[in-house]
There are 2 protein chains.
Amino acid sequence: MIAYDELMVFERETQALAQISGRLGWDQETMMPRGATEQRSEEMAAISGVIHARRTDARVGDWLAVIDDSKLNGVGQANMRHIRRAYTRTLRIPAGLASEQAKLHSIAQGVWAEARGAEDFSAFSPTLMQVLDMKREEAAALADGGDLYDALLDDYEPGAKAADLEAMFNALRPRLVALRERVLGADKQPAALDHDFDEALQMKLTRKLAKTFGYDMAHGRVDKAVHPFSSGSGHDVRITTRTNAADPFNCFYSTIHEVGHGCYEQNIDDAYLLTPLGQGTSMGVHESQSRIYENQIGRGQAFTGWLFDEMKDAFGDFGMKDADAFYATVNRVNSGFIRTEADEIHYNLHVLLRFDLERMMIAGDLSVADLPDAWNERFEADFGVAVDKPSNGCLQDVHWSVGLFGYFPTYSLGNVYAGCLDKAMRDALPDLDTGLAAGDTTAATGWLRDNVQQYGGLYTPREVITQACGFEPSEAPLLEYLEAKFGAIYGV
Amino acid sequence: MIAYDELMVFERETQALAQISGRLGWDQETMMPRGATEQRSEEMAAISGVIHARRTDARVGDWLAVIDDSKLNGVGQANMRHIRRAYTRTLRIPAGLASEQAKLHSIAQGVWAEARGAEDFSAFSPTLMQVLDMKREEAAALADGGDLYDALLDDYEPGAKAADLEAMFNALRPRLVALRERVLGADKQPAALDHDFDEALQMKLTRKLAKTFGYDMAHGRVDKAVHPFSSGSGHDVRITTRTNAADPFNCFYSTIHEVGHGCYEQNIDDAYLLTPLGQGTSMGVHESQSRIYENQIGRGQAFTGWLFDEMKDAFGDFGMKDADAFYATVNRVNSGFIRTEADEIHYNLHVLLRFDLERMMIAGDLSVADLPDAWNERFEADFGVAVDKPSNGCLQDVHWSVGLFGYFPTYSLGNVYAGCLDKAMRDALPDLDTGLAAGDTTAATGWLRDNVQQYGGLYTPREVITQACGFEPSEAPLLEYLEAKFGAIYGV
């Protein structure tokens, strides 16, 4: 298999270049001098051009034509699955469209930010129309006669179908709406934090939390950034967090969330380094790891008991009477307009709204002009309050301005997967909470490493979740978990 | 001139990729997690491969064949001078030699470090022989019948000839040896620092020093690293420094030195951004900027008066009775084995020794086996003391292990140029010291920006220095400056 070996050498170099491109993105958000923006965009364009040229290189087509996948072992076949899929998708997009989109998105992001600042949707709508038109053109090219939205979704969640997600989300939605109504109507409401938390001490404790969750500082680092993110694969996986004196949970749970992403990348089998298998298998599975670290483990009663003691050690008395009150405060539910600030119950309602609207836009059933009304109507139906201004409504997220259609549902799919994994993990490890109550996450993170993370891109997203759980994934475990948890906290 | 425009677009992308490669080097020394070394070396190899492929791309040859330089303006002709020179040099090196050298150098650096740690030259000599053999092969290919050493020197100082440097250095050497003997034999010897200087306060003052010398923090940043360096061109020029509680001058003067390099890059005319003119014109001219910032300005009596007050404000009384005593301590001369720790008098004696020995090695007149004896004999002749161990002798510098032959003389050439520029600048600005005594460097740094830095690679190294000074560069101003300065401090 000379062709396969040659292809893998070529692919390895491309992967290395992609890692460099990712590291530049990290640098831009953390270290780059503010006056370097323009030069950096030329540097990014140069390396993107190099990577794109390699991804469409005719030699790849020649190698693919002569490789007989059936003669390869499982790893080889998985590599070929990724490479063939990426090559086919790249070639389907008309020459010029990708670079036109890149240019448009970089302008559109600025237009969106300005329109949001001015609370003026009409300042953004002509640009959003252009983005949507090009996205539909891209989708038509990718779909090759199939469903347009599925073609876009496949970029983030290979193999997923919108119709399946719709069925799952339609089962989630009414029970989440009912749960939020019960919880918000409960007599018992947890207190909010009311204290000033030193930001340097937050960073110190956040680093301890990262290590507590198994994040390997020899192959990563934690810095501050405006928006928390994780970046890189293999031996260099960096995360960021942020601090706010009034709200240390923002810092701590952003960190634990990004640690979930980071550990997934760090724990992939070293044999897959710089190959197509050396990364998380999909956005949904990635989000399942960040969410189970953050919520099912990090916001669970056992672990918050330990965190309460750590916070008392770090900040002194901050006005919480005991671990139970602290647990309730950590999990405090409140209705709000903003997705990224939402609690576990409201979060998926935000995502489901976006999924339904963007699917209609891609299908041509909802125009950009009608978007604000559709958003506001749906929001009021699910959240019980009217949107007061565009920045709290359809202008709140950056995603659509940069062409990310098909990405939103992977957030909720990740939550659904996290629910399934949590159920399977607790069945396998009945004593899990004993360790977590002592700040020892090794059983939980070890189970996730062994059953999900180590495989990287070896299996398809659905395969890896099904194998880990021993059952086909569904929304049921997530709903049971949420109803049990918040029912107990709120006594409803 | 379609061919010229196409070539410049291609060159611009290559320059952008080279900036990325440089930034990875910065990241490796400042931010990279320690476990990422191996992965990083693959990433570096991948981007180096991309850049090398572009530098040898047949299209460049095609463009060069049809471009008529005489039809271009001065900037265009200067661009072509750089591109033609680089292309010719790259093509002369046999296929495979460059990559074999890259591999050997990365191994040799480890072998050198281990041999130095073990004080065992014989553990390094077989590897150094290999490095030298390949370097001579490279030199023969580059020289095309000319002088081998000149062919290597041309990489760092285009147009310079070893014979000219030799004449200059032969004039320097006896007067430096005589000066060091007078100074070290003087009755009056400045006190050494004897105080503990808080390292966080050192970093705070070092950032103030960087700004005082005109370093633009909107287009750069200051971090700590094991070895101070500057990195990047255009709008993203980063520097590093280090701290040592006992020796704040190491921090401050490393910073001022790197600020000299950094300001040269930051102050190049914006029109040359990401073109062959968008970088310092040679290592020698670069070093002239770092050295004049550090020594003629930073260690001058006027500026040290201001620094003395700043240090008293930052650290309190640190045992210096007055500004004169402080000035003498800053400029304290002491004989030592290590080049990087040498004062202004001894530094060039270190460099001259290396220049003579490496020239003999490249010419085949000095074998690796005979290197330690040759080094030790020369050292004793110039410094008056015998080398006690290899790490204080011919194993002290990393340069030869990584094939840097022809680089050392640019350090002294930079000092010679700094001497010339200082003379010209003081003739043009007779009141210079008034500003410097108040911590105002704008007149000095403005003169250097206008007369040297802004031109980037527009002129050849010798041209830019000659135009700035109004006279042909020679070693005389440096010698006069050193003899006057140290004669006054030591009363000799």
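## How the copies meet

This is a predicted model. The two copies meet through the same surface, because 100% of the interface residues of chain B are also interface residues in chain A.

How many residues does each chain bring to the contact? Chain B gives 33 residues, and chain A gives 33 residues. On the side of chain B that touches chain A, the elements giving two or more residues are helix 1 (2-30) and helix 2 (37-55) of chain B. Helix 2 of chain B gives the most, with 9 residues. Sorted by class, this side of chain B has 15 nonpolar, 8 polar and 10 charged residues.

## How the copies are related

A rotation of 180°, with 0.0 Å of shift along its axis, superposes chain B on chain A with an RMSD of 0.0 Å. The two copies are thus related as by a two-fold rotation axis.

## Two helices inside chain B

Two packed helices are described by the angle between their axes and the distance between the axes. In chain B, the axes of helix 14 (residues 344-363) and helix 16 (residues 408-428) come within 8 Å and cross at roughly 140°. Helix 14 of chain B and helix 16 of chain B are therefore oblique to each other, and their crossing is left-handed.

Which residues meet here? From helix 14 of chain B they include Val351(B), Leu352(B) and Phe355(B), while those from helix 16 of chain B include Phe408(B), Pro409(B) and Tyr411(B). The residues of this contact divide into 6 nonpolar, 3 polar and 2 charged.

Note on methods:
Residues numbered from 1 in each chain as written. Chains lettered and ligands numbered in written order. Predicted model: local features only at pLDDT ≥ 70, side-chain atom pairs only at ≥ 80, totals over all residues. Axes fitted to C-alpha atoms, helices over the stretch in contact; angles between N-to-C directions. Helix = DSSP H or I, 4+ residues; strand = E, 2+ residues; numbered from the N terminus. Parallel < 35°, antiparallel > 145°, perpendicular 65-115°, else oblique. Left-handed = near helix turned anticlockwise from the far one by under 90°. Contact = placed C-beta atoms within 7 Å. Nonpolar A, V, L, I, M, F, W, Y, C, P; charged D, E, K, R; others polar. Least-squares fit on C-alpha atoms with pLDDT ≥ 70 in both.
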